[in-house]
Amino acid sequence: MNSLRHLSRRGFTAAALAGTGAALALPATAHAAPGAGNGRHETRIDEILAGMSLEQKIGQLFVAVGYGARADQEHASNTSTTGVDTIAEIVRTHHVGGLIYFVWSENLEDIEQIATLCNDAQDAALESSGIPLIISADEERGVVYRLPEPATPLPGQMALGATGSRAHARKAGDIIGTEIRAAGLHQAFSPVADVNVEAQNPVIGVRSLGADPRAVAQLAAAQIKGLQGANCSASAKHFPGHGDTAVDSHLGLPVIDHTREELDELDLPPFRAAIEEGIDSIMTAHIVVPVLDDSGVPATLSHPILTGLLREELGFEGVIVTDSLAMDGVRTLFSDDRVPVEAILAGADQMLMPPDLTVAIGGVREAVAGGEITEERLERSVRRILRQKLERGLFEQVHVDPAAAASSIGSRRSMSTAQRMAEDSLTRITDDGSTLPLARGASVLVTGAGTVGKLEVIARALAESGMRTTALPQPDPEQAAAVAAGVDAVLVLTSSAAFETPAEQVELVEALVATGVPVIHASLRNPYDVVHVGEVAVSLAAYGNADASLRALAGVLTGEVRTRGTLPVAIPQADGTGEAYPLGHGLS
């Protein structure tokens, strides 16, 4: 166990577990996902299943990613051994049960285009099998978002954790759910339910609500209530918990060495809370958890974890969806035709983003033909998927109005709500007591990490409050120091994806401090930068670079915004030997 993880564990035990125990011990068999097993849709499901071919049943288990902004757009990246080269052809040929959209797959240009793509893809599905698609996206907001403007630029998960507000979390879920449903999507792969106690976590970080399992459980449940209250399926991820790893499962296979007691106290409470809230779906993690399964296979492919723990012990009856099957963490032990077979045998229902859809479906087809996967086993998963679609009303109303979608997203009320969330999340970690607020009319240099556009958001907000501003994006230290010599104060931004702050960002801060001008520092992603940048007049944590957070930073400088946020994670010393700032720290 490395020193940072040891620190995180001690901080968790001392701060987060104090007084918990029975309060977190949710029932082992909590409420099922909406409609699961309650008979409301079973007659309809029986009728649909009776009319499905084996190929259609297999296809329902797959969530594909297709390239292109139009369903009929030919794209080389869609071409497979069967010659399929449009999204519509993927849907018709493979009878897939779902699609997932990304910017990098060129699906997301503007809201009206997205709604049209959804409608046309649904037409292909209805033509193919008569069963509508469930269309999804990784819509967490903060640093992970998919819908383009004018979708509301909400602060992310750790920012919500810093507010400690269930009302904010629920409203964030409601806004996300409302907006993606308006655009023709039906499922957000959110919330992130991982309890992030590893400062060096390269893949979760600010995507987590924090390090306190009680707080994460409460806030995740509130987000689920908001999402599903907007008739949008939520999906808690990444089961059984990806928060204590220093390996990115996109690139490797992490090992979580928690004891069963630690899993029960730290990792599982948010998933128990999600099940209690009636969540539609839970996403698996490509992580090895030896205490639960000593075979060395990742949780996504583990029968003891998916069936033994999630289904039988925790009582989850909704849809289990794998994390992307294109990630290296799930492809280390099996070939691409075997990975979905192993996932189904483990207990998964939906196979997300296999790297080659034809190969993956072929592997499942062979496993069914050989008796390794029975048709009865297939139908158990198809039932859960159909139940989710029926519960969300996809069979009644599958199309959306593209023009109406474009005009209904990013409302003034939603933007105002996002601003309040951002302001409540800002955390003042250090303060010399004499720099802020700046005097009206002060000259301010805004510089550091961030695009020209992001720095200009802050500069405009300062100018609107009577400040004289200069925006200098990503300068070299000498250039920045020269400009700083002529201003009253400097706001310098840093942004790090893990515990270590990039050296060039640290050098920039040090050069600015050396000028003698008061330096106000703000971390735009992980809050750990404060222990790497050296002594500054003030250090703030924004947990993301959403425009609302940037405007809130400007408000702190002018005195118009009071910092109310507290650290949802502990911050270790720069060398990892002790705790610099405890969980819950925050100056007001």
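Buried means under 20% relative accessible area, exposed over 50%, and partly exposed in between, with a 1.4 Å probe and protein chains only. The model is predicted: local features need pLDDT of at least 70, side-chain atom pairs count only at pLDDT 80 or more, and totals for chains, interfaces and linings use all residues. Residues are numbered from 1 along each chain as its sequence is written, and side-chain values use heavy atoms, with hydrogens and water left out.

**Exercise 1. Determine how many residues of strand 5 are buried, and describe how strand 5 is paired.**

Solution. 
Step 1. Helices (H or I, at least four residues) and strands (E, at least two) are DSSP runs, numbered from the N terminus.
Step 2. Two strands pair if DSSP finds at least two bridges between them. Strand 5 (residues 233-239) runs parallel to strand 6 (residues 281-284), with 3 bridges joining them. Serine 235 stands opposite serine 281 in strand 6.
Step 3. Strand 4 and strand 5 are also parallel, joined by 2 bridges. Here alanine 188 has alanine 234 of strand 5 as its bridge partner.
Step 4. Two cis peptide bonds are then located. One joins lysine 237 and histidine 238, with omega about 5°; histidine 238 is in strand 5. Another joins phenylalanine 239 and proline 240, again with omega about 5°, and proline 240 is found in the loop between strand 5 and helix 9 (260-267).

**Exercise 2. Give the strand order of the open sheet of 8 strands and identify its edges.**

Solution. 
Step 1. The order is 7-6-5-4-3-2-1-8, and the pairing is parallel.
Step 2. The edges are strand 7 (319-321) and strand 8 (351-352); each has a single partner strand, so one side of each lacks a neighbour in the sheet.
Step 3. Contact means heavy atoms within 4.5 Å. Helix 14 (residues 375-391) packs on this sheet and touches strand 3 (134-137), strand 4 (187-188), strand 5 and strand 7. Axes are lines fitted to C-alpha atoms, for helices over the stretch in contact, and angles run from 0 to 180 degrees between N-to-C directions. The direction of helix 14 makes about 105° with that of strand 7.

**Exercise 3. Describe the open sheet of 6 strands and the helices on it.**

Solution. 
Step 1. The order is 9-14-13-12-10-11, with mixed pairing. Strand 9 (427-431) and strand 11 (468-473) are the edge strands, each pairing on one side only.
Step 2. Neighbouring strands of this sheet are turned by 20° against each other on average, direction ignored.
Step 3. Within the sheet, strand 13 (residues 519-523) and strand 14 (residues 538-541) pair in the parallel sense over 4 bridges, and histidine 521 stands opposite serine 539 in strand 14.
Step 4. Helix 17 (residues 452-464) lies across strand 10 (443-448), strand 11 and strand 12 (489-494), at about 170° to strand 11. Helix 18 (residues 477-484) touches strand 10, strand 11 and strand 12, and its direction makes about 175° with that of strand 11.

**Exercise 4. Classify the crossing of helix 12 and helix 13.**

Solution. 
Step 1. The axes of helix 12 (residues 339-346) and helix 13 (residues 357-369) come within 7 Å and cross at roughly 55°.
Step 2. Angles under 35 degrees count as roughly parallel, over 145 as roughly antiparallel, 65 to 115 as roughly perpendicular and the rest as oblique. Helix 12 and helix 13 are therefore oblique to each other.
Step 3. Helix 12 contributes Pro340, Val341 and Ile344 to the contact, and helix 13 contributes Ala360, Gly363, Val364 and Ala367.
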